[in-house]
Amino acid sequence: MAQEELSPDGTAVALRDGWDGVVADWSADKQAFSVPWGKAMMWIFLLSDTFIFSCFLTGYMTVRMSTTEPWPIPSEVFALNLFGQDIPLILIAIMTFILISSSGTMAMAVNFGYARERKKVAILMVITALFGASFVGMQVFEWSKLIEEGVRPWSNPMGAAQFGSSFFMITGFHGLHVSVGVIYLLTVAFKVNRGDYEERGYEIVEITGLYWHFVDLVWVFIFALFYLW
Amino acid sequence: MSTETGQVHPISLYLKIWGLLFILSACSYAVDYFDFQGYLRWFLIITFMWLKAGLIVSIFMHMAWERMALIYAILLPPMFLMVLVGMMAIEGGYTTLTRILFFGPGSAPIVH
């Protein structure tokens, strides 16, 4: 009954059964990906998150295709009156540039982390978090503007009712990710600054960076498929 | 290159990608600003979107330097989402068709 496994030195070792076996198997020294486990786990989390956002965007595609009401024109809905004229989509464009800039500062923070310049890492991560916070601030402004104009998840004065539900669901979930990311960044920046990673190494900065770049990546798709389409 | 301690690349590379992403974003915004319509609009939006996504994943997220085992484990599963998108596109088209047929102008009145 008892199965056997070859140990690294070539001798056969009996595998344990029952719960002992479950614990032994999951905690055994086996490795598929030659990266730190935290990084592999972050990638797998991001993969699952990809599926969540894809479900939202696919759902949005389906309701937009199937409605017979005219879809509100995002270019007009998200126009902002600046200097006496309506500029289409300007706030969304600024938000896009802010998020890209935050990705740039984050990439540099990762670099300084491996160079073990922890003050620079902390400063760059705080700058990244500030970019993220300003992004969320603009999103709050955008939401309040649309709510004031009568956009609701179940109806809106511009056209197809599905516009509101798609908009609040997709941008809301993305905004939640940015907000969580800001907290995550500030926490890690604080610990970096305190010198917590001097011995363990600065992989955590790269892992945090993966999450942050993913938030930027999702925005690329939302920007193209929701705002520009 | 990829080492056991982590991904180390020159800052200048990140700055170049940063600049490229800015240009690509400006291009996608220009598509809307100059109000391109029809297939040209779709083509440009989708092209810029995939270029930006590719740059972020491969350079900023270091996928270009990872081992193939990790690349395939992460990038292959999302490809199957295209099946979902395809099925839902068919479903969406069908729903529109039935809505026009039964609720659109000229549709037969429902008699009880």
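Here is a short tour of how chains A and B are built and how they meet.

This is a predicted model, with an ipTM of 0.88 and a pTM of 0.87. Chain B brings 44 residues into contact with 39 residues of chain A. The largest nonpolar core has 65 residues, and both chains have helices that give two or more residues to it.

**Confidence**
- The average pLDDT of chain B is 88, and 91% of its residues score at least 70.
- A word of care: where pLDDT is low, the predicted coordinates should not be read in detail.

**Domains**
- Chain A is assigned domain 1 (1-30) and domain 2 (36-228), and the centres of these domains, taken over C-alpha atoms, are separated by 44 Å.
- Chain B is assigned domain 1 (1-68) and domain 2 (78-112), with 35 Å between their centres, again taken over C-alpha atoms.

**Where the chains touch**
- The contact between the chains involves 44 residues of chain B and 39 residues of chain A.
- On the chain B side, helix H1 (11-33), helix H2 (38-60), helix H3 (68-79) and helix H4 (81-103) each supply at least two residues.
- H4(B) provides the largest share of that side, 12 residues.
- Sorted by class, the side of chain B that touches chain A holds 28 nonpolar, 11 polar and 5 charged residues.

**The largest nonpolar core**
- Within this core of 65 residues, those with the most contacts inside it are A:Ala109, A:Val121, A:Met125 and A:Phe223.
- Leaving out residues up to four places away in sequence, A:Val121 touches A:Ala109, A:Phe112, A:Gly113, A:Val192 and A:Val205.

**A closer look at H1(B)**
- The end C-alpha atoms of H1(B) are 33 Å apart, which agrees with the 33 Å that its 23 residues should span at 1.5 Å a residue.
- Buried residues in H1(B) are B:Tyr14, B:Ile17, B:Leu21, B:Ser28, B:Tyr29, B:Val31 and B:Asp32.
- These buried residues pack against helix H3 (74-77), H4 and H7 of chain A, and also against H2 of chain B.
- After H1(B) comes B:Asp35, which has a positive phi, near 60°.

Notes
Residues are numbered from 1 along each chain as its sequence is written. Chains are lettered from A and ligands numbered from 1 in the order in which they are written. This is a predicted model: local features need pLDDT of at least 70, side-chain atom pairs count only at pLDDT 80 or more; totals for chains, interfaces and linings use all residues. pLDDT is the predictor's confidence in each residue, from 0 to 100. Domain bounds come from an automatic or database domain assignment. Two residues are in contact if their C-beta atoms, placed from the backbone, lie within 7 Å. Helices (H or I, at least four residues) and strands (E, at least two) are DSSP runs, numbered from the N terminus. Ala, Val, Leu, Ile, Met, Phe, Trp, Tyr, Cys and Pro count as nonpolar, Asp, Glu, Lys and Arg as charged, and the others, Gly among them, as polar. A nonpolar core is a set of buried Ala, Val, Leu, Ile, Met, Phe, Trp, Tyr and Cys residues joined through C-beta atoms within 7 Å. A residue is buried if 20 or more other C-beta atoms lie within 10 Å of its own, exposed if 12 or fewer, and partly exposed in between; C-beta atoms are placed from the backbone. The expected span of a helix is 1.5 Å times one less than its number of residues.
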